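Please read them with the coordinates open.

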Amino acid sequence: MAEKQVMIFALDDSDHSFYALEWTLDHFFPSPSTSSFKLIIVHAKPNPTTVIGAVGPGTTDMYTMVETDIKKTAQKIIDKAKELSKSKGVANVACEILEGDARNVICDAVERHHASLLVMGSHGYGTFKRAVLGSVSDYCSHHAHCSVMIVKKPKPQN
């Protein structure tokens with residue numbers, strides 16, 4: 001049996017991201033044992049200093065509190081992803097929680113795992129918001145050394 005290709009799924013805590021994960025599981029792992037991909041879910045958590053820096057200088061207590069909160073939140077996100085994967089019959093999922101800017105964390109994970117495909121959800125930001133915030137998917141589509149698939153949540157029909 002040929003070795004499976006690695007698919008990195010970049011996960012955040014948005015509905016768009018979980019929609020994209022469900023879509024990916026349905027389309028790439030309809031029968032998990034025959035899928036040609038090994039799924040690795042990567043979640044980038046912020047550095048506590050970055051979070052505290054946004055609100056001003058912090059104490060050691062604040063740093064510890066923020067760090068604990070970030071860890072708990074990241075673990076909840078990964079647990080939810082594992083649950084969703086398991087409910088779709090995909091039990092053999094590797095998950096990583098990595099600290100840093102999502103753009104760099106994701107592109108580094110692609111390199112480290114020699115991924116052939118990176119999948120992520122789209123937040124559906126408008127042009128202005130994307131210009132101000134910077135798009136992680138846009139960055140990754142230009143810098144990741146593999147194919148990048150951006151799953152968009154369909155717009156509700158009126």
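The points below go from the overall fold to single residues.

1. Basis. This is a predicted model, in which local features need pLDDT of at least 70, side-chain atom pairs count only at pLDDT 80 or more, and totals for chains, interfaces and linings use all residues. Residues are numbered from 1 along each chain as its sequence is written, and side-chain values use heavy atoms, with hydrogens and water left out.

2. Overall make-up. The chain has 6 helices and 5 strands. Both are DSSP runs, numbered from the N terminus: helices are H or I with at least four residues, strands are E with at least two. Read from the N terminus, the order is β-α-β-α-α-β-α-β-α-α-β. Of the 158 residues in the chain, 34% are buried. Buried stands for under 20% relative accessible area, exposed for over 50%, and partly exposed for what lies in between (1.4 Å probe, protein chains only).

3. Strand S1. S1 pairs with S2 (residues 37-45) in the parallel sense, over 7 bridges. Two strands pair if DSSP finds at least two bridges between them. Phe 9 has Ile 41 in S2 as its bridge partner. Leu 11 stands opposite His 43 in S2. S1 also pairs with S4 (residues 117-121), again in the parallel sense, over 4 bridges. There, Met 7 stands opposite Leu 117.

4. Strand S2. S2 is largely enclosed by the rest of the structure, because 8 of its 9 residues are buried. S2 is joined to S3 (residues 94-99) by 6 bridges, and the two run parallel. Ile 40 has Ala 94 in S3 as its bridge partner.

5. The crossover. S1, helix H1 (residues 15-28) and S2 form a right-handed β-α-β unit. Right-handed means that, with the strands pointing away from the viewer, the path from the first strand over the helix to the second runs clockwise.

6. Ser 17. Ser 17 sits in helix H1. Its relative accessibility is 3%, so Ser 17 counts as buried. The side chain of Ser 17 reaches the backbone nitrogen of Asp 12 at 3.0 Å.

7. Ser 135. Ser 135 is in the loop between helix H5 (127-133) and helix H6 (136-143). Is Ser 135 buried or exposed? Ser 135 is buried, with a relative accessible area of 16%. Its side chain makes a polar contact with the side chain of Ser 137, at 3.1 Å. A polar contact is a pair of N or O atoms within 3.5 Å; within protein, one must be able to donate a hydrogen and the other to accept it, and residues adjacent in sequence count only if both atoms are side-chain atoms. A polar atom of the Ser 135 side chain also lies 3.0 Å from the backbone nitrogen of Asp 138.

8. Cysteines. How many disulfides does the structure hold? The structure holds 0 disulfides, where a disulfide is a pair of cysteine sulfur atoms within 2.5 Å. For Cys 140, the closest cysteine sulfur is in Cys 107, 4.0 Å away and too far for a bond. Cys 140 is buried, at 0% relative accessibility. Cys 95 is partly exposed, with a relative accessible area of 24%.

9. His 114. Please look at the backbone here. His 114 lies in the loop between helix H4 (102-113) and S4. The phi of His 114 is near 50°, a positive value in a residue other than glycine. Most residues other than glycine have a negative phi. His 114 counts as exposed, at 68% relative accessibility.

10. Second largest pocket. This pocket holds about 220 Å³ of space. A pocket, on a 1 Å grid over the protein atoms alone, is an open set of points where a 1.4 Å probe fits, with protein on both sides within 12 Å along at least five of seven lines; lining residues have an atom within 4 Å of a point. Grid points are joined across faces, edges and corners, and a volume is the space filled by probe spheres set on the points. The lining includes Glu 3, Lys 4, Val 6, Phe 29, Pro 32 and Asn 92. S2 gives the largest share of the lining, 3 residues.
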